[in-house]
Amino acid sequence: MKKKHPLRRILLSSVTTVSGVVLLLALKPTTAPFTSQAGGPAQQVPPVSAAPSPAGPDPSVPVASDPAGGGGSGGSGGSGGTRDPGKQGGAPARKTVTGDAAQTSYGPVQVKITVEGGRIVSAAAVQAPAGTPTSDQLTATAVPELNQAAVTAQSAQIDTVSGASFTSEGYRKSLQSALDKAGA
Amino acid sequence: MSDNPPRLRHVEHCMGTVFSFDVRGARDPRVRAALDEAVAGLHEVDAVFSTFRADSEISRLGRCELALAECSPEVREVLGLCEDAERRTDGWFTARYEGPGSALDPTGLVKGWAVERAVRTITAAGAGKVCLNGGGDVQLTGGPWRVGIADPLRPGGLATVVEADGELAVATSGPAERGCHILDPRTGAPPAEGAASLTVVCASLTEADTWATAGYAMGGRAREWLEALPDVEAFAVAADGTTWHTTGFGRFVAKLSA
């Protein structure tokens, strides 16, 4: 019945992912000059496929979500999404959604995710800061890290998350919130 | 997870946190109705037990405007459970604390109890697979379910994954996002040599929550104490990132494969 809602929720998830990149970039204390021209030089980053799971007996599973206090600078709404002609009752529809570009102090970041059957099957940055040696280096390490992490969360196939109690406010940035959005 | 059976999901903001419902195989309209009933039940619990609401029974009881006998049966049940928990944890869990303000605060037990009750409401309508997460504490029935245990040192990361098929509760205690809210009842201060987070797994969330809170307050003594509890398993992440778990915890750890 409500066709639009899942898509909107996925967009929110992608915004979460964007803030993840923002944090990964912001974590490094290096200062880089502002990339003044929005949508300036951007790198194409190859997406990571969901197939391989690096998880073995090691119970430590990295997953992506918005880390606490992950900025959330800009990046509201989304710019577009495509949807395979998934038929009602057929195979789960595969949806690809691209979030709005978020402005970070290192330049614009834009993330694309593909969701199938309520699960993220791939995540990729379609736009990431480039231009200075510092931002190039940060992008080279942070973005693949994020892509891999988002995929690993899927391979863990968790239904829910247990952790120290969160408030309504904290929930918005939690992995549980991302799971609720993806599955709703 | 199989996406074939219908899956009913619902997110409800209540008690200052968020409750995430996930009900599988829920084709029966009775299950839908039971979910609504369970949600309403959570809000009723909040109205009765909130220490933030001046007009709640708990607040009025604390101000001696209401006698215990005049309270709803739920209040008596919960306070009874609190006494129980205090006895079974040698006072490490307590609904009473010294100091100004409310002298009666069953909040530490109410949420888990309310979650467990909500799950029972839904299963009573015929749903066999229910997962309810109340602010990070989870009650499961049916399955299989996979519960990620948040890594307290790596926000957004998981420390391990618990797999459940059947009645199981997973409760995690630790300093919450706004700092430590669990105090050593003996010192009134945050626990000495406390874990970064402590997760307890057992059948009932009311109990798991109690054990996790008490164990967290205990600090370094928790491991031995939890090891000795029957049908209770625990997993902890220490402040330096090392982890420990009780001997039986391994059977709940999900095998992660491609």
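**Legends for the close-up views**

**Helix H5 of chain B is mostly covered, with 14 of its 14 residues buried.** A residue is buried if 20 or more other C-beta atoms lie within 10 Å of its own, exposed if 12 or fewer do, and partly exposed in between; the C-beta atoms are placed from the backbone. Helices (H or I, at least four residues) and strands (E, at least two) are DSSP runs, numbered from the N terminus. This is a predicted model, in which local features need pLDDT of at least 70 and side-chain atom pairs count only at pLDDT 80 or more, while totals for chains, interfaces and linings use all residues. Residues are numbered from 1 along each chain as its sequence is written, and chains are lettered from A and ligands numbered from 1 in the order in which they are written. H5(B) covers residues 205-218, and its end C-alpha atoms are 19 Å apart, which agrees with the 20 Å that its 14 residues should span at 1.5 Å a residue. The expected span is 1.5 Å times one less than the number of residues. After H5(B) comes Gly219(B), with a positive phi near 70°.

**Eight strands of chain B form an open sheet with antiparallel pairing.** Their order is S1-S2-S3-S4-S7-S8-S9-S10. Strand S1 (7-14) and strand S10 (243-245) of chain B are at the edges with a single partner strand each, so one side of each has no neighbour in the sheet. On average, neighbouring strands here are turned by 10° against each other, direction ignored. Two strands count as paired if DSSP finds at least two bridges between them. Angles run from 0 to 180 degrees between N-to-C directions, and axes are lines fitted to C-alpha atoms, for helices over the stretch in contact.

**Strand S7 of chain B is covered on both faces.** On one side are Leu168(B), Val170(B) and Thr172(B), and on the other Ala169(B), Ala171(B) and Ser173(B); all are buried. Strand S4 (residues 137-141) of chain B pairs with S7(B) (residues 168-173) in the antiparallel sense over three bridges. Gln139(B) stands opposite Ala169(B), and Leu140(B) stands opposite Leu168(B). S7(B) is also joined, by five bridges and running antiparallel, to strand S8 (residues 197-202) of chain B. There, Thr172(B) has Thr199(B) as its bridge partner.

**Two helices, one from each chain, lie across strands of chain B.** Helix H4 (residues 107-124) of chain B lies across S2, S3, S4 and S7 of chain B, at about 155° to S3(B). H4(B) is largely enclosed by the rest of the structure, because 13 of its 18 residues are buried. From first C-alpha to last, H4(B) reaches 26 Å, close to the 26 Å expected. Gly126(B), whose phi is positive and near 110°, follows H4(B). From chain A, helix H4 (residues 175-183) lies across S1, strand S2 (17-24) and strand S3 (129-134) of chain B, running at about 140° to S1(B).

**The largest nonpolar core has 80 residues.** A nonpolar core is a set of buried Ala, Val, Leu, Ile, Met, Phe, Trp, Tyr and Cys residues joined through C-beta atoms within 7 Å. In soluble globular proteins, nonpolar side chains tend to be buried together. The members that touch the most other members are Ile122(B), Leu132(B), Val147(B), Val170(B), Val200(B) and Ala208(B). Leaving aside neighbours within four places in sequence, Val200(B) has contacts that include Ala171(B), Ala208(B), Trp211(B) and Val232(B). Two residues are in contact if their C-beta atoms, placed from the backbone, lie within 7 Å.

**A three-stranded open sheet has the order S6(A)-S5(B)-S6(B).** Its pairing is mixed. Strand S6 (160-162) of chain A and strand S6 (158-164) of chain B are the edge strands, each pairing on one side only. Neighbouring strands of this sheet are turned by 30° against each other on average, direction ignored. Strand S5 (residues 145-150) of chain B runs antiparallel to S6(B) and is joined to it by six bridges. Arg146(B) has Glu163(B) as its bridge partner in S6(B).

**The mean pLDDT of chain B is 87.** The pLDDT is the predictor's confidence in each residue, from 0 to 100. In chain B, 90% of the residues reach 70 or more. Over residues 98-102 of chain B the pLDDT is below 50, and this stretch has four contacts in the model beyond near neighbours in sequence. For the complex, the predictor gives an ipTM of 0.87 and a pTM of 0.65.
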